[in-house]
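Subject: Structure for your review

Dear colleague,

Please find the sequence and structure below. A summary of what was found follows, and I would be grateful if you would read the two side by side.

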Amino acid sequence: PVVALVLAGGTGTRLYPASRSHRPKQFLSLGDADDRSLLSRTVARADFADEVVVSTRRAFADEIENHAPDAEVLVEPAAKDTGPALSYATHRIAERYAEDGDDGADPVVVVLPADHHVADRPETDDAGAGGVENGRFSEAMLTGARVAADTGALVAFGVEPTRPDPGYGYIEPGDDREGYHDLAAFHEKPDPETAAEYVDAGHLWNAGIFAWTAESFLEAARDSPLRSLVHALDWGDTERGFDEVEEVSVDYAVMERAENAAVVPVSFRWDDLGSWDALERVLGDDEAGNAVLGEGLTVDAADNVVASDDTHVSLVGVEGLCVVAWDDRVLVVPKDEAQRVREVVAALKEGG
Ligand code: GDD
Ligand code: MG
């Protein structure tokens, strides 16, 4: 069996003021023609799997039901990033299949982040922000699932980089197998100079999507900073396990030190919508290079990103800006500094 495990517990706030702590990125629709959220599109895209489980933190559990009414929702006892979240969910899934006595079947788990934009390549794309969301995607997922089942490897999915973005993990592909490569090295979020070297050297971006059998993952986790948590889960001592485990992502805890890992290169369109300038890549832009989400007007303005929920926004004679109006809040930031939205979110947290 193949289980799609959708990760929907992150607080992704880089699309402030659309994303807020009570409304993280996975719940936004961001221009989808049918107004479906990123989470609900992720669940729809998971139709290659036999079942879908959504993993999240307590605070989001109720809202998840509105976006994924048919999926099983698993709530981890404490939000400690993707390492603990995946250990918990994988352990539960493995247990469930063991109880079902399904001939001792070891399920393949395909991990899907709930807040990414995915579409097929332009030749088959309907060019809307919703995009065509199957074909190549399902095919790649099933390839990864097969490699995971056949080889016991922890399988990552590699995207051809288009810029030296330090916000991603980088994968050095090793020997070429059929439809995949051995994974020679995994480097999570390098500094900008190292990221540029990796791009030149032909490394791939880690898409944040993984495929592994429950057993292979738990075995790797037992040999990682997640060790004590997995042992506590074995003993049914979930609360204590979460109390004691450090907050750590699966990339640092498991992937960087994995001994048996593989990478499936993918060709679908993928964007993790990490900042407002990504909207241009996803929505496309007009002749002057403006990307507009919601009601907006541009006059003699070029190369801007405009986004609003229901405020009409006009830009006149300006260039290279992101202008966002959402709820009762407005954000203006140069497009090439869009990452600095983090500074606003941090200042607000401190009571600014
Ligand atoms: N259930 C649960 N619990 N989900 C979580 C938690 C948690 O504590 N923390 C984060 N998530 C979810 C997020 O909602 C997102 O869907 C996914 O896990 C990945 O977390 P991010 O916090 O968005 O990770 P990242 O973007 O910084 O980095 C990862 O993704 C990149 C690609 O977008 C890494 O895998 C990088 O290597 C990768 O390049
Ligand atoms: Mg992310």
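How many bridges join strand 7 to strand 9? There are 2 bridges between strand 7 and strand 9 (residues 204–213), and the two strands run antiparallel.

Before the details, a note on conventions. This is a predicted model, in which local features need pLDDT of at least 70 and side-chain atom pairs count only at pLDDT 80 or more, while totals for chains, interfaces and linings use all residues. Residues are numbered from 1 along each chain as its sequence is written, and chains are lettered from A and ligands numbered from 1 in the order in which they are written.

Overall fold

The chain contains 11 helices and 17 strands; these are DSSP runs numbered from the N terminus, with helices (H or I) of at least four residues and strands (E) of at least two. Its radius of gyration is 20 Å, which agrees with the value near 20 Å for a compact globule of 352 residues. That radius is taken over C-alpha atoms, and the globule rule is 2.2 Å times the number of residues to the power 0.38. The C-alpha trace spans about 65 × 45 × 35 Å along its principal axes.

Of the 352 residues, 45% are buried (20 or more other C-beta atoms within 10 Å of the residue's own; 12 or fewer is exposed, in between is partly exposed, and C-beta atoms are placed from the backbone). Among contacts between residues at least 6 apart in sequence, 62% join residues at least 24 apart, a contact being two C-beta atoms, placed from the backbone, within 7 Å.

Strand 7 (residues 169–176) pairs with strand 8 (residues 181–188) in the antiparallel sense over 6 bridges; pairing requires at least two bridges found by DSSP. Y170 faces H187 of strand 8 across this pair. The hairpin leaves 4 residues between the two strands, and G179 has a positive phi near 85 degrees there. Towards strand 9, I171 stands opposite L204.

Helices 3 and 7

The axes of helix 3 (residues 82–99) and helix 7 (residues 227–234) come within 10 Å and cross at roughly 25 degrees. Axes are lines fitted to C-alpha atoms, for helices over the stretch in contact, with angles from 0 to 180 degrees between N-to-C directions. Helix 3 is therefore roughly parallel to helix 7 (the term covers angles under 35 degrees). P84, S87, Y88 and H91 of helix 3 make the contact with L229, V230 and L233 of helix 7.

Loop residues

V248 lies in the loop between helix 8 (238–244) and helix 9 (250–253) and is partly exposed, because 18 C-beta neighbours lie inside 10 Å. V248 is 164 residues from P84 in sequence, yet their C-alpha atoms are 7.3 Å apart. Leaving aside residues up to four places away in sequence, V248 touches D81, G83, P225 and A253.

D81 itself sits in the loop between strand 3 (72–76) and helix 3. D81 has a positive phi of about 80 degrees although it is not a glycine.

The loop between strand 1 (2–7) and helix 1 (38–45) holds P17, and the peptide bond from Y16 to P17 is cis, with omega near 0 degrees. D35 is found in that loop too, with a positive phi near 60 degrees. D35 counts as exposed, because 10 C-beta neighbours lie inside 10 Å.

Note on methods
Angles under 35 degrees count as roughly parallel, over 145 as roughly antiparallel, 65 to 115 as roughly perpendicular and the rest as oblique.
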